[in-house]
There are 4 protein chains.
Amino acid sequence: MTQVDVTSELLYRVTAPTSFIFNIAPAITDCQAIKDEKLTISPQIEFSWCALNGYGSRGIRLNVQPCDLKIAYLAEVSLFAEMAPPKILDEVDHPELPVEVLPFLNPSRYCESDRLGQFAWREFSGVPSGHSRVQAVADWVNKNISYISGSTDVSSSACDVLIQRTGVCRDFAHVSITLCRALGIPARYVSGYAVGLQPPDFHGFFEAYLHDRWYLFDATKMAPVSGLVRIGVGRDAADSSFATIVGQAQLQSMSVGAVSNQSVAQNQVGEGANAISTA
Amino acid sequence: MTQVDVTSELLYRVTAPTSFIFNIAPAITDCQAIKDEKLTISPQIEFSWCALNGYGSRGIRLNVQPCDLKIAYLAEVSLFAEMAPPKILDEVDHPELPVEVLPFLNPSRYCESDRLGQFAWREFSGVPSGHSRVQAVADWVNKNISYISGSTDVSSSACDVLIQRTGVCRDFAHVSITLCRALGIPARYVSGYAVGLQPPDFHGFFEAYLHDRWYLFDATKMAPVSGLVRIGVGRDAADSSFATIVGQAQLQSMSVGAVSNQSVAQNQVGEGANAISTA
Amino acid sequence: MTQVDVTSELLYRVTAPTSFIFNIAPAITDCQAIKDEKLTISPQIEFSWCALNGYGSRGIRLNVQPCDLKIAYLAEVSLFAEMAPPKILDEVDHPELPVEVLPFLNPSRYCESDRLGQFAWREFSGVPSGHSRVQAVADWVNKNISYISGSTDVSSSACDVLIQRTGVCRDFAHVSITLCRALGIPARYVSGYAVGLQPPDFHGFFEAYLHDRWYLFDATKMAPVSGLVRIGVGRDAADSSFATIVGQAQLQSMSVGAVSNQSVAQNQVGEGANAISTA
Amino acid sequence: MTQVDVTSELLYRVTAPTSFIFNIAPAITDCQAIKDEKLTISPQIEFSWCALNGYGSRGIRLNVQPCDLKIAYLAEVSLFAEMAPPKILDEVDHPELPVEVLPFLNPSRYCESDRLGQFAWREFSGVPSGHSRVQAVADWVNKNISYISGSTDVSSSACDVLIQRTGVCRDFAHVSITLCRALGIPARYVSGYAVGLQPPDFHGFFEAYLHDRWYLFDATKMAPVSGLVRIGVGRDAADSSFATIVGQAQLQSMSVGAVSNQSVAQNQVGEGANAISTA
């Protein structure tokens, strides 16, 4: 079990009546428990928690009149990750995939896997199937895409990024997911907190379905997988923004933190390290 | 209540072990009941029915060795559509949208609604909100896109179609869905049978969430909405193919039919006609 | 004859040996004469003038070692525009088009006219052919695209802009050119100075080939066509950047000006006004 | 000197008055001479030869009333190629590039070199500059793109092909040209006849500007470079179609041939072979 203290604070200037859904609280799953959660909204505004999907994500929904809005969240998260030696994590043949996993083989807004079949098979057909193939995808993305802040925007898709070869964490995840799906491996986007991420921010990574569950991967290699705290899950970043805003509001400042009392770095996937599942 | 007899027959040449999921049986919902359903698979192969999503869609899953595979399906469908006068069908403010409807505001593979905000608001902001706005979107698509078989392919998205101005039923649905989402109206793709469609084929249309439920629209105007029989529902056609095939199989022939004992054409949305919901 | 005083001053921080080609001096053509031209480069660096194409454009070519580079240019330009009543400016049938005009019917990097045939004919087939059709294109662009600084970048093409419906002068010109070519009307990009442009800057506009020569149009309507001073001509903005830079240099500041002793606004195309050609 | 007999025969059904420009006759250059040229058009229709650009290309221009049109062309071509050992063919620094070569550094419709800078430098910065770098580009394209007839269409650009990883000769040329331009090496498209091409057809290949002239490359490796006969030259295939058609005409059949009395295969670029220039 790993303990992670997460915090986030968002400040908006709201200039018209605006509907917000914040997706900043860690999901509650079999592998993630929340203690001492504290949400402060100022000015004091009525809000409601909502179950955003079937994966334990919890939205904070509120309607705001023009004001300076501050959302501050903190919690202590306990991670009970399932671990497994990578070598036993085989790919699941299509007929054996659970029905609820099938949508994560479909192409999505930022993951046009239908266009990348040839490319994916050319590049990764020689790699042993299973966890090693997904890791090879993440390694390829890490090696071939340059992490450059501001080089992409919210409309950038995996194909765009494969052409321009630069991006940020969400792009690294999108390209990885797209290649996995093109290879017939279900993959999905996860947003979250990440212990050790520099500079601290919300993070985007991905999960691939192997053997009998979802395993975590991070193509950016900017933070240990064992210190990832799940917030949202979806087909791609379109499903997992930390804030959905309908109205008129400008983000003024944001600060995010994730600190662990253990050295999560030691659990990082590497030679002989275990694969990690928190889904 | 409307009765529709639907039939479909698909013939494949399977040249390697192949996994199929057929999505050709009408969904079972509060508004659709199935009688006298008959599924014939030859050669005789073990298959299973599966619930494809939470919307009543039923997949037929089977693994096939090389052979000539024939799937024949027929059923009598009873439609218990909810009807409502269009003028009471208002748009739902974002804060009041049910959580499970929210994903249908997100952009998807073939519906890049994030790119069309300006366009949608320029074109449709002057139209009265509610059912009339969605109908205006469908009418615009009908008027501005030419229906030309073969002019698009499986990788064509709403933006592609808006540039080239030609497409088929799935493209008409995609553009409509994309414009609705850009306007803040949840919209989704429906595949199905359509009474009166010429030439007979599986059809693609769309639903918009208005007032308190999903209402049917067909931008192609090629078949009356009251004669639409729902098979699959999803974010776009990526979620609703009539056949998902992993392996090696060529479609040799396909025939599809939908016949009603009533004159469904009389229920078509027009001056004073009712809007129809079957979700 | 119209007299225009043009000035431009560019300041770069050059951090590695860099090759520059500046295209900021007005072209010399039958319709444009230059008087009292003055080019100041500091520090003093050897440079050469070069004929950039067959249209009278003149590049300033120089190689620069790391330094703070300042280019200051000023000239007095005499415009001897050909004028013609719009109603006599017919489109030229394809067989009669001069060979050297033909390349301006081809699609180019930012003007994918091959994709817009349906769209262009749907929108403009009903408009009387000739000058009025090109003017209808420019008017449509002006009405349907919002001028928003910073809403596009150097990779934005006409199709991108038609989807997002926002852009700047180069985008307005690109969309217009693309629609003209799709209609079979040769069209090309012109960069230049513009009297009355607010805020002052280099400007991008376009020419269409009508009757027997190239006529000027400006879809932005931000400056009178009679006060446009031609710098570069090309298939699109890819051919006409005011600075081509190979090396490492950051633009620190830029100021541009164009002032006329006459009231050029009175020559603006409008009811009964003349079309203007300076090619 | 190499002699090549070229032939082509095109049959069109013309169903409305139509303007044609055929670009099927070999260009006349310092390196290509034409003997015994014969052009037969039936029915007999007046036509004219025209100089399509400054590179020796010769168009055949005619206006046709509805009919079955047959164009048959044959000629004996003498190739006086310039040869050079690849190792002396260095890249030309930007300041030393002739002005008329500069446009071939610009992005074009099918060659979006502005988007591929990162990719090109990542992949080819380690390769020795000059002829070997261009050859590395062509080799990379040959290895990473699958030649599949019908996998692309006239709207496919280099970026599309880089994503889908399949294409035909024009796509191989487009990707190569795009990568060269992104690397700062001028490159252009050449259409022509190719001795030994199977199946016989018009061919698309490319030239890169090295040392002091344009050198031929063929990323498809489907025919020896020494047997290439130049027809058209341009920024990309948009400039070099073998037939420009304005009106209504369907191609009914086409046959193309190129036969040499010498064994051109022996001149193919390989270990120690010479680079070939015919521009």
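A residue is counted as buried if 20 or more other C-beta atoms lie within 10 Å of its own. By that criterion, buried residues account for 50% of the 279 residues of chain A in this predicted model.

The fold of chain A comprises four helices and 14 strands. Its C-alpha trace extends over about 55 × 40 × 35 Å along the principal axes. The radius of gyration of chain A is 19 Å, which agrees with the value near 19 Å that a compact globule of 279 residues would have. As for the contacts in chain A between residues at least 6 apart in sequence, 77% join residues at least 24 apart.

Between chains A and B, 23 residues of chain B are in contact with 22 residues of chain A. On the chain B side, the elements that give two or more residues are β3 (47-51) and β4 (58-64) of chain B. By class, this side of chain B has 10 nonpolar, seven polar and six charged residues.

Chain B also meets chain C: 12 residues of chain C are in contact with 13 residues of chain B. Here two helices of chain C, α1 (117-124) and α3 (158-164), each supply at least two residues of the side that touches chain B. Of the elements involved, α3(C) gives the most to that side, with four residues. The side of chain C that touches chain B has, by class, five nonpolar, four polar and three charged residues.

Key. Residues are numbered from 1 along each chain as its sequence is written. Chains are lettered from A and ligands numbered from 1 in the order in which they are written. This is a predicted model: local features need pLDDT of at least 70, side-chain atom pairs count only at pLDDT 80 or more; totals for chains, interfaces and linings use all residues. Two residues are in contact if their C-beta atoms, placed from the backbone, lie within 7 Å. Ala, Val, Leu, Ile, Met, Phe, Trp, Tyr, Cys and Pro count as nonpolar, Asp, Glu, Lys and Arg as charged, and the others, Gly among them, as polar. The radius of gyration is taken over C-alpha atoms; the globule rule is 2.2 Å times the number of residues to the power 0.38. A residue is buried if 20 or more other C-beta atoms lie within 10 Å of its own, exposed if 12 or fewer, and partly exposed in between; C-beta atoms are placed from the backbone.
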